[in-house]
Amino acid sequence: MENAQHTHIVKYKTFVVVLLLLLVFTFSSVAITQYDLGVYSVTAALIFACLKSILVLMYFMHLKFDKKFYTIMMAGIVLLIVSVITITFLDYLYR
Amino acid sequence: MIMTDHAHIDEHRDDEGAKTGMWIFIFTELLLFGGLFIVYSIYRYLNPMAFHLAAEELDIFIGTANTVILLVSSMTIAMAVTSIQLKNKRLTLILMGITVCLALAFMVNKYFEWSGKISHGIFPGSEILHQSSQGEILFFGLYYAMTGLHALHIIIGVAFIAYVMWLVKTEDVKHDDYVILENSALYWHLVDLIWIFLFPLFYLIT
Amino acid sequence: MLPAVTGAFVLGFSSIATGINFIVTIHRLRAPGMKWMKMPLFPWALYGTAWIQVLATPIVGITLLMVVLERTLQIGFFDPALGGDPILYQHLFWIYSHPAVYIMILPAMGVISEIIPTFARKTIFGYTAIVVSTLAIAFVGYFVWGHHMFTSGMSGVALYTFSILTFLVAIPSAIKIFNWVATLHKASIDLQTPFLWALCFLFVFMIGGLSGMVLGALSANVHLHDTAFVVAHFHYIVFGGTGFAFFGALHYWFPKMFGRMYDKSWANIGLAIFFTGFNTLYLPMFYLGITGMPRRYYDYVERFHGPNIVSSMGAMLMISGLIIVITNLVRSARHGAKAGKDPWKGKTLEWTVDSPPSLENFDEIPLVTQDPYDYD
């Protein structure tokens, strides 16, 4: 039975750097709306959202420094949601 | 080891287990919002132009400001975990306090956004919306539902963090016993994650 | 309608809370030495079930919330007049409700995996295969929900995708049946009541499962959707499957729970009557469905009279059996012969503690060194 906390301490500086990256991605995603990408506007917006999410998950939520199985579970959940959306689309795309 | 002593039962402490449980709870929240994202994606696919037009009614500036607010608040609560590990109680409380203030700022922005829309007659069941295209009705229905549910989670998050601030103040949470602070931070990051997706899908599809 | 929806929403929280609880408990509180692959199959089944509870229930939660918002705030999620699609509601509903039936059946399968080795006095055949198939059922079960919607108006691509996936998800269930039966080969069988319930389970679950395959075939489904055939299928698989396993479990763990043994003669008589009644009640429904009787009807045309009367007689017989079974258990809880720690000579950990167990179950935390069904 483990009582001990994992002792890995993330430096403040790391968090600041991650925030700056997040802000860069945020402003980039706003800037990219200036261009007419048609169907791909969703894709572009979502790519930035995914990059930001990965940063939040890995650093703010500590996944990078935790046991691997948390990351695996998280990846599994993402896969599940994406699969369910994809299969639902099999109905609407081909009606 | 004989377990005849009830006090022994209360001594069972499992920080790793507490964290595991919190993560699983986070998965349930992701699935909860996931259901709304399923609905959003289908209706977006079926009504691309209407969604595009409706999104132009939203104010990108407030949306971006709110995104920045949440990202900064995510950083401050993450830092609060570091500061408690470094035995800096005062800094921990300051960082958590900033997180709460930023959350309240978010809610104030949201209040202005919503009341602005409502005063323009754009709300579920309104006359104006009734006369719009079906895609627009769906867009705003989803907008209010998703940002509303998200706002509810912000309120819950604020309450959770405020409670943990109290525990930090009374030193029930300290440098060698802080899993509840970590868990409240995880919850806050979840709220941030959801907004990271809501923002582009509602404000940036213009 | 709103109170019912709200009630269901609240109920979902209990499902989620249990799921989180069981997952963390199984991860963190196994006895020393009990590695994952030394864990008995009942907790494995509960583990798979817990994941489904955690990951599927939120979807029905949000769906119900959307229904409430639609009714109260006129947000048009599923109302065609407001641009919504009612089929999307069906999708969301079944995305939860199909995994939900695996929540119903997986613990039952876990019980059967416990009972059969004990009364076969032999280790379970294919422990690893049962573990993998448990997780496979939980996993693949997420992707078959459309088989409840074959006649709703989905696209052709969706139709055959769901049909194929439905046939796929049957495979791990079948593997379990093979393993349970294979365990009986050259075994020293002790025909106790829990084992008899397990045997009956194998029979009715097979019928239920195979009828599910009939429904999973697109062309057959067109004729059988919303008929009594579907009613027969799910009663065989849930009442037959989960129900029989539940009664088997009640009898199996009865001496452990109450420290007393039930009356074996009455238990077996009750089972025999119940089993006969059960089949008399539900078997005719397959025929009724194929010949065209719709489900959810309280009245029916002349040509369906015969089998319906047989069904009703079966119901009365089944209930008599049920009354015997339950009365026996209730009386035996108070007046049954005293039972010791291990009346079945089982090998899993629950049989090493008192009957009934002490407050914390294990006064001394055991050290696990052997496989769970080590009967040699």
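**View 1. Area buried between chain A and chain C.** Together the two chains bury about 1500 Å². Carbon and sulfur atoms give 74% of this area. On the chain A side, the most area is lost to chain C by A:Leu80, A:Ile87 and A:Asp91. These three residues together account for 32% of what that side buries. The model shown here is predicted.

**View 2. Residues in contact across the interface.** Chain A contributes 15 residues, in contact with 20 residues of chain C. Which classes of residue make up the side of chain A that touches chain C? Nine are nonpolar, two are polar and four are charged.

View 3. How many salt bridges does the rule find between chain A and chain C? It finds one. Polar contacts across this interface link six residue pairs, both partners being at pLDDT 80 or more.

View 4. Residues 38-60 of chain A are 91% helix and 0% strand. The end C-alpha atoms of this span are 33 Å apart. Residues 72-94 of chain A are 96% helix, again with 0% strand. Here the end C-alpha atoms lie 33 Å apart.

Notes:
Residues are numbered from 1 along each chain as its sequence is written. Chains are lettered from A and ligands numbered from 1 in the order in which they are written. This is a predicted model: local features need pLDDT of at least 70, side-chain atom pairs count only at pLDDT 80 or more; totals for chains, interfaces and linings use all residues. Side-chain values use heavy atoms; hydrogens and water are left out. Helices (H or I, at least four residues) and strands (E, at least two) are DSSP runs, numbered from the N terminus. Contact means heavy atoms within 4.5 Å. Buried area is the accessible area (1.4 Å probe) that two parts lose on being put together, summed over both. A salt bridge is a side-chain nitrogen of Lys or Arg within 4 Å of a carboxyl oxygen of Asp or Glu. A polar contact is a pair of N or O atoms within 3.5 Å; within protein, one must be able to donate a hydrogen and the other to accept it, and residues adjacent in sequence count only if both atoms are side-chain atoms. Ala, Val, Leu, Ile, Met, Phe, Trp, Tyr, Cys and Pro count as nonpolar, Asp, Glu, Lys and Arg as charged, and the others, Gly among them, as polar.
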